[in-house]
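Good morning, and thank you for joining this meeting. Please keep the sequence and the model in view while I speak.

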Amino acid sequence: MDRASYRTQILTRHLLTHQPTTTDHLNTTPCISYTPPELNEPRPDFDTLLLRKLLDGQSVEDIDYIFNLMKQSALFCPKERGGKVFIGPDYNQSMEQQREMTMRRIEYLRDQGAFDGWFDKKGPEGDLWRFALAESVSVYDHSLGIKLGVHFFLWGGAIRFMGTKRHHDKWFKPTETYQVKGCFAMTELGHGSNVRGIETITRYDASTGEFIINTPCESAQKYWIGGAANHATHTVVFSQLEINGVNQGVHAFIAQIRDENGNVCPNIRIADCGHKIGLNGVDNGRIWFDNLRIPRENLLNSVADVSPDGQYLSAIKDPDQRFAAFLAPLTSGRVTIAASSMNTTKIGLAIAIRYSLSRRAFSIRPNEPEVLLLDYPSHQRRLLPLLAKTYALSFASNYLKMIYVKRTPESIKTVHVVSSALKAVLTWHCMRTLQECREACGGQGLKTENHVGHLKSEYDVQLTFEGDNNVLMQQISKALLAEFLAAKKRNKPIRGLGLEHLNKPAPIIPTQLTSSTLRTTQFQTDIFCLRERDLLNRFVTEVSQHQAQGESKEHIFTVTYQTAEDLGRAFSDRLILQTYLDVEATVPEGSLKSVLGLMRSMYTTIVLEEDASFLRYGYLSTDNAAVVRKEVLKLCSELRPHALSLVSSFGIPDAFLGPIAFNWVDANAWSSV
């Protein structure tokens, strides 16, 4: 037998006698399939509709109305993915196309009557309706929310609050119908937060009864003006007002920048700010004024006026008080930013948490199913504290809206301080949450259609828009310092801004913390108040020491910024806790109150763990800090069964979330290509 035949016989016997005893693993291991979280997660043991009402208050119907309007139109780019229809902007479009789509969506909402009665609806109910509309459209697209906000809240708000009857009669109706498209020219290339330093100059010509607006240098060009690049026909111009050679400070004027055909007006130059990291549906532009003449009546004159013969008139003689009164009505911008940041945060959390309740990774033991992402303690630690904090900050946002809509001349200072605090804290929280949600979604978080990653670049501007957050923290501390010193000078107890706790003895914190102690409202209130009290005293001492050395006020606030920022955060956190307790007190005993208590404890405990000031200034010992750290993990495990119910209570329709929040397998199947 030759060698080849011999080898053939050996191989034949081998194949016949060695049949496989197990089937191929490729044939027996099932493919991953999607299971809706609702099938496996515990049913909510509390009323989710009631919880949503705590979040959205009396605006639930107004919000849902706008949601439904957007879902009904093809302009909002409906797309079927994984058996569901989602709506969202098409970010594959060019910047120019995105801008035109934003304008077309606004025109659709206008034609549906969404803006009818914008200036007619009065009182708190009218303001809350306006806020609800602005927040709702931002859930779909932040560019849409910003574009509407510039037109109605900034341009329209300036006319409403800074103008008088002559302006209301002339501009309200064309603004509501978009016959006039307004923008808001405050920021300049050389000045943003420092509004007083803007360089645009306006002089009065008594011989013609006109103001002359001029851009004297390149740093005075108006910059980042939303709507200016393409669509705006008119703007409110913020400018120094010079009368008879005397600078009377910053004032606001109405100027036309385009005619009815969209052509740029004479003595106006406009350039595009160009492509941005986000918000490319907003046409931000730059404006130069070349001795532009406007009628005397175009001065917004609620605070000051100029007579036909050129005399400056104002009942407020002090320039500082006049400037404060002039800008006070613009607080609504910070209110809307704070509120919209919470909606953006909720979108990120709803998507990331729903995904983590259906996506699995790794097995704990051989031959066992892979583990849900949210069943890993590390994943719980990433998302659940942010979820609890979002509820706490949402309640604070509602408080801000209520004190704004019910504002009085006496409460303007409180509204200013609270809006500064919450605008900063809420927008910081939004960006941090979106980043964590992006990472928690892995590679899917990078896809634009899943929203989370893209929302970061869309929302980033809000950290500096309407005031840089770090500057706002320092403003808060200056206001607290002023209240403290004023009370001391009067030799009276301090009142307002929630500082009444300073009139009581300093709280005493237990030397050894336990889990039960950490969850009591008494301890939570005490340690937040202790921190605020101590930091305010430290700030007062620092400022006084520098004053004793003859240093200027401006220099003092520059060198004490670290304590000022710590104090600003302490004020904000104590305020947020108090608003949470106020909401919690309205809920009767039962399962919902228990969940609210759980989230409150999570909020306070995560603040204790993450803010270094508690260790830096000795409010927590290192041993107690370790107890706090363990408590966070314990609270995460207790919140875990409620995760789905809590994000469902946000009330965001499925269509506004991303495909990975639902059947991400089918959404990525070959059939969907």
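This is a predicted model: local features need pLDDT of at least 70, side-chain atom pairs count only at pLDDT 80 or more; totals for chains, interfaces and linings use all residues.

The loop between α14 (452-459) and α15 (469-490) contains E466. Helices and strands here are DSSP runs, numbered from the N terminus, a helix being H or I over at least four residues and a strand being E over at least two. The phi of E466 is near 60°, a positive value in a residue other than glycine. As background, most residues other than glycine have a negative phi, and most peptide bonds are trans.

Residues are numbered from 1 along each chain as its sequence is written, and side-chain values use heavy atoms, with hydrogens and water left out.

N491 sits in the loop between α15 and α16 (515-518). Is N491 buried or exposed? Its relative accessibility is 69%, so N491 counts as exposed. The cut-offs are these: buried means under 20% relative accessible area, exposed means over 50%, and partly exposed lies in between, with a 1.4 Å probe and protein chains only.

Let me now turn to the protein as a whole. It has 24 helices and 15 strands, and its C-alpha trace spans about 125 × 65 × 50 Å along the principal axes. Of the 673 residues, 55% are buried. Contact means heavy atoms within 4.5 Å. Among contacts between residues at least 6 apart in sequence, 74% join residues at least 24 apart.

Next, please look at helix α12, residues 377-405. Its 29 residues reach 42 Å from the first C-alpha to the last, close to the 42 Å expected at 1.5 Å a residue; the expected span is 1.5 Å times one less than the number of residues. Where does α12 have a kink? The kink, of about 25°, lies at L383, shortly before the proline P385. The bend at a residue is the angle between axes fitted to the seven residues ending there and the seven starting there. Helix α12 is also mostly covered, with 23 of its 29 residues buried.

Two packed helices are described by the angle between their axes and the distance between the axes. Helix α12 packs against α22 (residues 622-639) at an angle of about 80°, and their axes are 9 Å apart. Axes are lines fitted to C-alpha atoms, for helices over the stretch in contact, and angles run from 0 to 180 degrees between N-to-C directions. The two helices are therefore roughly perpendicular to each other, a term for angles of 65 to 115 degrees; under 35 counts as roughly parallel, over 145 as roughly antiparallel, and the rest as oblique. On the α12 side, the contact involves Q380, R381, L384, P385 and A388, while α22 contributes V632, L633, C636, S637 and L639.

The next helix is α9, residues 165-176. Its buried residues are H167, W171, F172, P174, T175 and E176. What covers them includes α8 (142-162), β7 (234-243) and β8 (246-256). Just after α9, Y178 takes a positive phi of about 65°.

Two single residues deserve attention. S136 belongs to helix α7 (residues 123-140), and its relative accessible area of 1% is why S136 is buried. S136 touches I63, I66, F67 and M70, leaving aside residues up to four places away in sequence. L75, by contrast, is in the loop between α5 (60-72) and β1 (78-81); at 17% relative accessibility, L75 counts as buried. L75 and M101 are 26 residues apart in sequence, yet 7.5 Å apart in space, C-alpha to C-alpha.

Finally, I come to a sheet. Which order do the three strands of this open sheet have? The order is β6-β10-β9, with antiparallel pairing. The edge strands, each pairing on one side only, are β6 (222-226) and β9 (268-272), and the twist averages 35° from one strand to the next. Two strands pair if DSSP finds at least two bridges between them; β9 and β10 (residues 284-289) have five. Within this sheet, R269 stands opposite W288 in β10.
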